[in-house]
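User: I should like to understand the reasoning behind the terms used for this protein. Please set each value against its criterion.

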Amino acid sequence: MGQSIKRKPTVIDGVEHWVCSKCKIPKMAVCFYKATYSHSGIRSSCKACAPKRLPPTDPIKIKRAKQLRNAYYARNRDALIKYQRKFYSDPDLKRKRKKAKRTYWENNPKKRFAKSAVSNAIRKGQLVKPDRCSECNAITSTGNLCGHHADYSKRLDVEWLCRPCHGKRHREYDHDA
Ligand SMILES: [Zn+2]
Ligand SMILES: [Zn+2]
Ligand SMILES: [Zn+2]
């Protein structure tokens with residue numbers, strides 16, 4: 001399986017980037033899946049080049065990979081925030097993101113129907129959006145509470161999760177609801 005070449009990140013705009021072994025493009029850690037076998041804690045090829053996620057193996061290694069990732073974010077925190085701020089305020093990128101979002105929903109009709117079924121049910125009073133996350137129990141504003149579908153065919157079967165828990169859920173299961 002995995003090779004354990006010690007890769008060194010390249011710093012671009014103050015943020016550590018890793019060169020993808022396939023496309024050779026330096027990318028941020030977020031562009032790579034976690035790898036429990038590598039020293040950097042990420043896979044050698046980026047998500048675009050290696051779209052398949054490997055199933056988790058040894059829990060100790062998973063924990064180590066997570067620690068490496070957390071350390072990466074801690075080291076690069078300021079630069080990442082700056083980068084994100086720049087990224088999210090660029091009008092050209094804003095337009096592109098909007099278009100990508102639209103295309104995404106067009107390409108995921110099942111998800112779209114499930115989502116609209118939930119908002120319709122809420123509007124009609126058939127479904128009540130709670131005020132807290134069902135996972136961590138944190139009181140959450142309705143705007144930040146996401147209806148998570150484990151199965152799109154069960155349209156009104158949603159679990160209400162706060163943003164961090166929702167993100168976590170998606171990282172744990174290779175699923176996109
Ligand atoms: Zn790549
Ligand atoms: Zn939560
Ligand atoms: Zn979800």
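User: What makes helix H2 lie largely in the open?

Analyst: In this predicted model, the number of buried residues among the 17 of H2 is zero, so the helix lies largely in the open. To count as buried, a residue needs 20 or more other C-beta atoms within 10 Å of its own.

User: How do you know that the span of H2 agrees with its number of residues?

Analyst: Helix H2 covers residues 91-107, which is 17 residues. The expected span is 1.5 Å times one less than the number of residues, and for H2 this comes to 24 Å. The end C-alpha atoms are 24 Å apart, and therefore the two values agree.

User: Why is tryptophan 160 called buried?

Analyst: Tryptophan 160 has 22 other C-beta atoms within 10 Å. The cut-off is 20 or more, so tryptophan 160 is classed as buried. Its place is in strand S5, residues 158-162.

User: Which residues are in contact with tryptophan 160, leaving aside its neighbours within four places in sequence?

Analyst: They are Lys129, Pro130, Cys133, Ser134, Leu145 and Gly147. A contact requires C-beta atoms within 7 Å. As for proline 109, it is 51 residues from tryptophan 160 in sequence and 21 Å from it in space, C-alpha to C-alpha.

User: What makes up the largest nonpolar core?

Analyst: Ten residues make up this core: Ala114, Val118, Cys133, Leu145, Cys146, Val158, Trp160, Leu161, Cys162 and Cys165. Helix H3 (109-123), strand S4 (145-149) and S5 are the elements that each give two or more residues to it. The most come from S5, which gives four. Another core, of nine residues, lies apart from it and includes Cys20, Ala35, Ile42 and Cys46. In soluble globular proteins, nonpolar side chains tend to be buried together.

User: Which contacts does valine 158 make beyond its neighbours within four places in sequence?

Analyst: Valine 158 is in contact with Val118, Gly147, His148 and His149.

User: Why are strands S1 and S2 said to pair?

Analyst: Pairing requires at least two bridges. Strand S1 (residues 10-12) and strand S2 (residues 15-19) have three bridges, so they pair, and they do so in the antiparallel sense. Within this pair, isoleucine 12 stands opposite valine 15. The two strands form a hairpin with two residues between them, and aspartate 13 in the turn has a positive phi of about 50°.

User: In what order do the elements of the protein run from the N terminus?

Analyst: The order is β-β-β-α-α-α-β-β-α, and the secondary structure comes to four helices and five strands.

User: How is the protein divided into domains, and how far apart are the centres of domain 1 and domain 3?

Analyst: Domain 1 covers 10-53, domain 2 covers 55-89 and domain 3 covers 91-176. The C-alpha centres of domain 1 and domain 3 lie 28 Å apart. Along its principal axes, the C-alpha trace of the protein spans about 55 × 40 × 30 Å.

User: What percentage of the residues in the protein are buried?

Analyst: Buried residues make up 18% of the 177 residues.

Note on methods: Residues numbered from 1 in each chain as written. Chains lettered and ligands numbered in written order. Predicted model: local features only at pLDDT ≥ 70, side-chain atom pairs only at ≥ 80, totals over all residues. Buried ≥ 20, exposed ≤ 12 C-beta atoms within 10 Å, placed from the backbone. Contact = placed C-beta atoms within 7 Å. Core = buried A, V, L, I, M, F, W, Y, C linked by C-beta atoms within 7 Å. Domains from an automatic or database assignment.
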